[in-house]
Amino acid sequence: MKITNTLSRTKEDFKPLAGNTVRMYSCGPTVYKEAHIGNLRSYIFMDSLRRVLKYNGYALKHVMNITDVGHLVSDGDEGEDKMLKSAREENKSPMEIATYYMNLFLKDLERLNIDMPEIICRATDYIPDMIDFVKGLVENGYGYETSSAIYFDVSKLDKYGVLSGINLDDQKAGARVDIDQEKRNPYDFALWIKAPKEHIMKWDSPWGLSYPGWHIECSTMGKKHLGEQFDIHTGGVDLIPTHHENEIAQSKGLTGKDPVKYWMHCEFLLIDGGKMSKSLGNCYTIDQLIEKGYSPLDYKMLAFTSHYRNKLNFTWEALEAAHISLIRLKQTIAKHKGVDVKTDKQILDDYTKKFEEAINDDLNLPLAMGVLWELVKLDKSDDVYQLAMKFDTVFGLKLNELEEEKQMEVPEQVKELVEKRAQAKKDKNYELADSIREEITSLGYIIEDTKEGVNIKKCK
Ligand code: AMP
Ligand code: ZN
């Protein structure tokens, strides 16, 4: 099995550090708002990775955190804590916000049929461990205190920036004036932050009432559950230059060791060619897809049209295509079920080989999906059905369950206009037919003339 390691920027053979159990960590969400489908692309990638590892016979010990404190509005050390901002806006306590959005997130994962990590942990349950971690860094000379925080001194490392390849000397020249003048280097980041009086989320610590920085959470929980060194760490590409760079720095500072053998990152889901993010407010949730008649697994099917290391542009047309494709795939597979005909073993072995080559080539699921489509076009046989089910242990698309084509509610007014237009066309009054079409469009519906009749779609 080969995977791309962000550390080496190459495809490497995967070999666990010890035995047959893969120890893995995935950065979980900051639970201050609903997860959007961009976030969920990262977890579909995480799911595929888990499933491919299992397909290859590995056991898993996999941790995913829930960030419920310390992720500031900017990924640097600026702005308000995202949790507090949301709590203030929704007039709730930060813990109420965290629990509410964590549960919605877990529900989304379930609806996407994500194979769940063995350990899911909340940052606020690990405060004493994080304090110990920071204390250790201060003792080792990597952490220093200012009047506002405990910072990590990046100049103490032999190399900072191994993942993103940044060169600190180049960066220093152009660095902006920092907010905290007591920082020794512009790239120093906060390990622990002293809480202003009015701050709600704060804990007793050797540095007074204070709260953790975002990066220390993941280093602490990873080390606690997986040890000082583990196999794989995943996240979205945006986490490379700050969060993951800082995780490596912290672990090296404490233990002197590289914490992770393979770093894997999922590229972004774009919308209209641009970034989709909670802070820009241009994102869709799984519930919004469901409202438009799509299933969460339609979205998962869409995710498999692009390799995890490539950007994927979300459009409603692409989702519609994935929806149709998933229905056709399930229908085709269902026709094989229970058919008492044998398929040549060599043919089945060839498909299995092609499928395994695809998934073991850095999780090439788009290619693996192509192999599945070829397989199900073979003559009807339960052997094909069984092999398709085996392949579905990797996709997790519930291919054994038939899906309903989506039903759309068309308002009476639109239906009447469609009939009027049909009559106008019959009467060869094309001018009237065109103006009715425009009226329909202005109501938010598009009509297409097909051989089977008129197709009505909602404008997206
Ligand atoms: P957050 O809740 O902001 O901490 O993000 C949770 C996960 O979603 C992280 O791994 C991010 O890298 C990832 N992520 C955020 N936006 C996108 C996007 N548009 N496409 C793919 N992954 C994303
Ligand atoms: Zn993290």
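Let me start with leucine 372. Setting aside neighbours within four places in sequence, leucine 372 is in contact with Leu329, Ala388, Phe391, Phe395 and Leu399. Keep in mind that this is a predicted model.

Now the wider setting. The largest nonpolar core has 130 residues, and Leu372 is one of those that touch the most other members.

Next, the metal. Which residues coordinate the zinc ion, ligand 2? They are Cys27 through SG, Cys218 through SG and His243 through NE2, at 2.0 to 2.1 Å. Along the chain, these donors follow the spacing C-x190-C-x24-H. The cysteine pair links distant parts of the chain, 191 residues apart. Cysteine 27 sits in the loop between β3 (21-26) and α1 (37-55), while cysteine 218 is in helix α6 (residues 214-226).

Are these two cysteines buried or exposed? Cysteine 27 has 7% relative accessibility, so it counts as buried. Cysteine 218, at 2%, also counts as buried. The cut-off for buried is under 20%.

A search of the whole structure finds zero. Take cysteine 283, which is in no disulfide: the nearest cysteine sulfur belongs to cysteine 266 and is 16 Å away.

How values were computed: Residues numbered from 1 in each chain as written. Chains lettered and ligands numbered in written order. Predicted model: local features only at pLDDT ≥ 70, side-chain atom pairs only at ≥ 80, totals over all residues. Heavy atoms only, no water. Donors = N, O, S within 2.8 Å, 3.2 Å for Na, K, Ca; no water. Helix = DSSP H or I, 4+ residues; strand = E, 2+ residues; numbered from the N terminus. Buried < 20%, exposed > 50% of the residue type's maximum accessible area, 1.4 Å probe, protein only. Disulfide = S-S within 2.5 Å. Core = buried A, V, L, I, M, F, W, Y, C linked by side-chain atoms within 4.5 Å. Contact = heavy atoms within 4.5 Å.
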